[in-house]
Amino acid sequence: MIKNYIKSAIRSLRKNKGFTAINIMGLALGLATCLIIVLYVADELGYDRYNEKAGRIFRVNEDLKLGDNAVKYAVCMAPLAKTLIAEYPYVENATRIKNAGASHVKKGTLNIVENRVAFADASLFSVFTLPMINGNAASALVEPNSVVITETTAKKYFNSVNVVGKTLMFNDNTLCKVTGVIKDVPQQSHFNFDFFISMASFPDSRSTEWLRSDYNTYVLLKDKSYAKQLEASFPALLEKFSGEQMKGQLNLTIAEFEKQGSFFRLNLIPLTDIHLKSNISGELGANGTTQYVYIFLLIAVFILLIACINFMNLSTARSSNRAREVGVRKVLGSDRKHLIAQFLTESVLVTFIGTVLAFVIALFLLPLFNQLSGKVLLIDSHSLGWILPSLLIVALVVGVLSGSYPAFYLSAFQPVDVLKGKLATGFKGGRLRSLFVVFQFSISIFLIIGTLVIYNQLNYIQTKNLGYNRNQVLVIKNVFELNNQAAIFKQKVKELPGVLNATMTGFLPTSGFKSTSIYYKDATLNEKTSIFPQSWRVDEDYISTLDMKLAAGRNFSKDMPTDSAGVVINEAAAKFLGFKEPVNSIIYRSMSSQHVMTHMKPYRILGVVKDFNFNSLHENVTPVILTLDSDNGALSIRVNTNNLSLTLKQINAAWKDLNPNVQINYSFMDQDFDASYRTEQRTGQIFIIFTTLAIVIACLGLFGLAAYAAEQRTKEIGIRKVLGASVAAITRMLSLDFVKLVGISILIASPIAWYLMNLWLRDFAYRISIQWWVMVVAGCAALVIAIITVSFQAIKAAVANPVDSLKNE
């Protein structure tokens, strides 16, 4: 019997090839898109779960508030890790990681720039699951100047993984012995380093200072339930170990510090929450956000709904044409259960074909999606374990639901009524189908509005006046390699004809290199008049090279020796300090030695620079104080782009004259800026693609329904043409029903999209306002798309010969 059902189903599907193709293609596109999004979401949610002890690992974060200044850090003080192990028996282990930044590693005569280098404690491999291929995990990072490298790195430098005992030269002055080779750190890790140098190699790691934080610190608890207990003990821990140092530096106890409205606190974040729920200062890598995960999950649900509704709409529409078939079958003796089985078989067969095609489409599109999203998503044996059952369940559910209407409704018809033609047919009777069309296009219009808003916001970020000019600025990131010759190199570069100016400092708006200090409005150490700004060491060329603008006062001058005791502040700092005339006012910085404050150093405010964005545009500009001091973290060069290639050659030649064995490492500042918003840019591109797919799928359904509506009204169209109706009038008549439905969709989707996209924009401190024209453009686009889709079938029906339609039946 089942064999006969399948044969009948195939025969019926062949008879209606057009509807079958539209049905299968719409469902396949929807399921394929949904599958790719689900893979993306699963990847985002799976970060750090490769660690066998992930549920018991927590990172210690630091929250600091000084007066009205509050900041969150992903780093903590050097002695914290050992102290936690010693003080709390339920802390099984703890480990620290410190990003070493860009380093040069020698391979033969070549110095290779490596950006994925970190210092790590010997306990690293006891906390994290980083399988050792070669070496002893327990002792690999115990000794100073030892390094553990990844498998890929070992092959890169030695063409082998059996390299324990060999050496690597870092920065031309540090020889490290390779003591272990580990498997590559998984992509789904919030840190991804290729070199782990022993923390014992870094003298500062033995610091006993509790008021300075530089280390990402992780604790492994004996049971995750101890997390709340550990967090609750942090205040007492800080009082015990940092109280004396705070008293020495700020002349305050922790209690007095908090009484004035400030605080210094520690808290825990689960390892598996870091990637999506932590975007604070000191992160070891670029993290995602739960917001985007929810957005894409919502899009997946929307596209799946559109595809399924399409399928159900076309299935139910076509089934009304089969009412006579039902009547004839019943007259010939077929009972209801066989009719139900027949209709359900057809529906499920189509969904299974669509599902198989969806899987093939997803395999084909996945590499393109990986390239766009920066992911490495795979459909492997592990993922197949949940993908195939999920697809089969979706296919079965959609098939049964879409086949239920013809199966249970049509099979209940009385054959006498059907054969007498008493059953109404036609598009106008399909209220449920009309509701589905409204729902589909409401989703499509919502996605169009969302796409326009995201595009406009990203464009605003790209074009906003940031308070500095990032264009035509070359940043040499390893100028520190020149040591004492860095100043000579800067002077040589400034003399080049293609160079307009140059400044030497690692403190750049795009570098992420930050430093904070405590300043006071007066010398009384009053917390209410304190400020906790970014404190950047710059030279006299900084403001002019970055094309910043002064709001008041003057810039640093090399002709004024006293400027070393002066500062330039930004407008946010001036506003916070509250001076009526900030220029020439005095502020004070607390200076300490061995954790004890020694004196208050006065600084005269020389000028006020207009606010410039150095944080993400998700955040407001915070206070910055610039001091005249040397820093060779980077050299920023404003170049004339008329002959850029020649200028680059000359800069490289000047570098080679001073350090021929080290490769110059540079980028352009505008590229660094764009990289910081890569997540938003990729999100916008992906959003546009998925929105386009959603509209295509919705239009496929609309195209099928338009063809069905025209088919149902064939005789009416013939009669109208005989009576003199024009092609335009008939096209308008057939299109009007659908246009009304799209109009209703616009009214429903616009306010919802406006509200939800405003919620998304609130995450940006600097954002656009959603203009009325966005709704108009989205609505007009939906109408135009719908009219083009419907008009094709409408015109086809309108130009048909009325004789052919009237002689039918």
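Threonine 627 sits in strand β24 (residues 624-628); strands here are DSSP runs of E with at least two residues, helices are runs of H or I with at least four residues, and both are numbered from the N terminus. The model is predicted: local features need pLDDT of at least 70, side-chain atom pairs count only at pLDDT 80 or more, and totals for chains, interfaces and linings use all residues. Residues are numbered from 1 along each chain as its sequence is written, and side-chain values use heavy atoms, with hydrogens and water left out.

Is threonine 627 buried or exposed? Threonine 627 counts as buried because its relative accessibility is 6%. Buried means under 20% relative accessible area, exposed means over 50%, and partly exposed lies in between, with a 1.4 Å probe and protein chains only. Not counting residues up to four places away in sequence, threonine 627 touches Tyr519, Trp536, Arg537, Val538, Phe556, Gly566, Val567 and Tyr603. Contact means heavy atoms within 4.5 Å.

Asparagine 570 belongs to strand β21 (residues 566-570). Asparagine 570 counts as buried because its relative accessibility is 0%. With neighbours within four places in sequence left aside, asparagine 570 contacts Val608, Val609, Asp611, Val621, Thr622, Pro623 and Val624.

Now to the nonpolar cores. Such a core is a set of buried Ala, Val, Leu, Ile, Met, Phe, Trp, Tyr and Cys residues joined through side-chain atoms within 4.5 Å. The largest has 111 residues, of which Ile299, Val453, Trp536, Tyr542, Leu626 and Trp760 touch the most other members. Helix α2 (residues 17-45) gives the most to this core, 14 residues. Isoleucine 299 is in contact with Ile37, Leu447, Phe687 and Phe690, leaving aside its neighbours within four places in sequence. A second, separate core has 34 residues, among them Met77, Trp210, Leu230 and Leu237.

Next comes a helix pair. The axes of α14 (residues 431-463) and α22 (residues 727-761) come within 7 Å and cross at roughly 40 degrees. Axes are lines fitted to C-alpha atoms, for helices over the stretch in contact, and angles run from 0 to 180 degrees between N-to-C directions. The crossing of α14 and α22 is right-handed: the near helix is turned clockwise from the far one by less than a right angle.

Last, the cysteines. The disulfide count is zero, where a disulfide is a pair of cysteine sulfur atoms within 2.5 Å. Cysteine 76 counts as buried because its relative accessibility is 0%. Cysteine 176 is buried too, with a relative accessible area of 1%.
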